[in-house]
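Reader: Hi! Could you walk me through this one? I'm new to reading structures.
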Amino acid sequence: MIEMVRPTIIKLLAAREFYTANDLLMFANIIRHEPYNAAKMVVKQMSDQAQRMAKLEGYGLMELDNFSSAEVRNVALLHFQLLIMALENKDGDTVKKTLMFLRDYRLPALSTYFSFVKKMAEVVELALDEKNEEAEQLWHRTLDAAQFMIDERFWPIYSFIARRSFEEFLVPVNSYKRHMTEQNQ
């Protein structure tokens with residue numbers, strides 16, 4: 001189904017000068033079907049726009065009510081998807097930059113969805129740092145907390161993650177770690 005709608009979404013996004021929260025979410029749903037380098041470029045464009053908008057809000061030129069927290073939240077989702085793709089593509093530079101971005105990225109208002117994405121990125125970071133026990137504990141705590149608050153029909157990334165075991169979630173992380181170890185030998 002994604003392959004049927006993907007060309008339409010790409011045409012729609014290519015015609016945009018500015019991206020809406022829905023545009024970001026649409027791309028997040030097809031990003032895994034895009035070529036890696038193209039996905040990196042689009043995520044950067046969308047992220048740069050959201051950061052420019054956040055600065056306007058910070059300077060008092062835009063009110064928080066007009067700056068949708070959904071846009072910020074969806075940028076985090078895009079970066080999380082890019083993180084998984086970077087791990088799969090053994091792109092160490094993008095892995096580091098994306099983890100740093102997700103660690104430091106802030107939302108102007110509280111959002112459980114945003115917190116869930118940040119916690120999953122933290123799980124990846126802990127696993128990369130060989131802190132597997134801490135990573136697994138955070139994984140289970142985050143899933144348990146999210147289950148209490150989330151209707152998975154509305155959170156596809158939650159469904160995608162929650163339907164996997166911790167070991168399945170770590171497959172790209174472990175593959176990336178093996179690659180980096182082999183490369184350093």
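Author: Happy to! This is a predicted model. Let's begin with Ser47: apart from neighbours within four places in sequence, Ser47 is in contact with Val75, His79 and Phe101.

Reader: Which residue's side chain has a polar contact with the side chain of Ser47?
Author: That would be His79, and the polar contact between the two side chains is 3.1 Å.

Reader: Switching topic: what is Phe166 in contact with?
Author: Setting aside neighbours within four places in sequence, Phe166 touches Val123, Asn132, Ala135, Glu136 and Trp139. Phe166 belongs to helix α9, residues 166-169. Phe166 is buried too, with a relative accessible area of 6%.

Reader: How many residues apart in sequence are Phe166 and Val123?
Author: They are 43 residues apart in sequence, while their C-alpha atoms are 9.8 Å apart in space.

Reader: What share of the chain's contacts comes from residues 24 or more positions apart?
Author: Counting contacts with a separation of 6 or more, 65% are between residues 24 or more positions apart.

Reader: Now helix α10. What span should its 14 residues have?
Author: Helix α10 runs over residues 171-184, and at 1.5 Å a residue it should span 20 Å. The C-alpha atoms at its ends are 20 Å apart, so the two agree.

Reader: Which residues in α10 are buried?
Author: Pro172, Val173, Tyr176 and Lys177 are buried there. These residues cover an arc of only 135° around the axis, so they lie on the same side of α10.

Reader: Why would residues three or four places apart point the same way?
Author: An α-helix has 3.6 residues a turn, so residues three or four places apart point the same way.

Reader: Nice! And what about the other side of α10?
Author: There, Val171, Arg178 and Glu182 are exposed.

Reader: Last bit, the big picture. How many helices and strands are there?
Author: The chain has ten helices and zero strands.

Reader: How much of the chain counts as buried?
Author: Of its 185 residues, 44% do. As for the accessible surface of the chain, that comes to about 10,700 Å², with 53% belonging to carbon and sulfur atoms.

Reader: Thanks, that helps a lot!

Methods:
Residues numbered from 1 in each chain as written. Predicted model: local features only at pLDDT ≥ 70, side-chain atom pairs only at ≥ 80, totals over all residues. Heavy atoms only, no water. Helix = DSSP H or I, 4+ residues; strand = E, 2+ residues; numbered from the N terminus. Expected span 1.5 Å × (residues − 1). Buried < 20%, exposed > 50% of the residue type's maximum accessible area, 1.4 Å probe, protein only. Arc of directions from axis to C-beta. Polar contact = N/O pair within 3.5 Å; in protein donor to acceptor, adjacent residues only side chain to side chain. Contact = heavy atoms within 4.5 Å. Areas by Shrake-Rupley, 256 points an atom, 1.4 Å probe, with all protein chains shown as cover.
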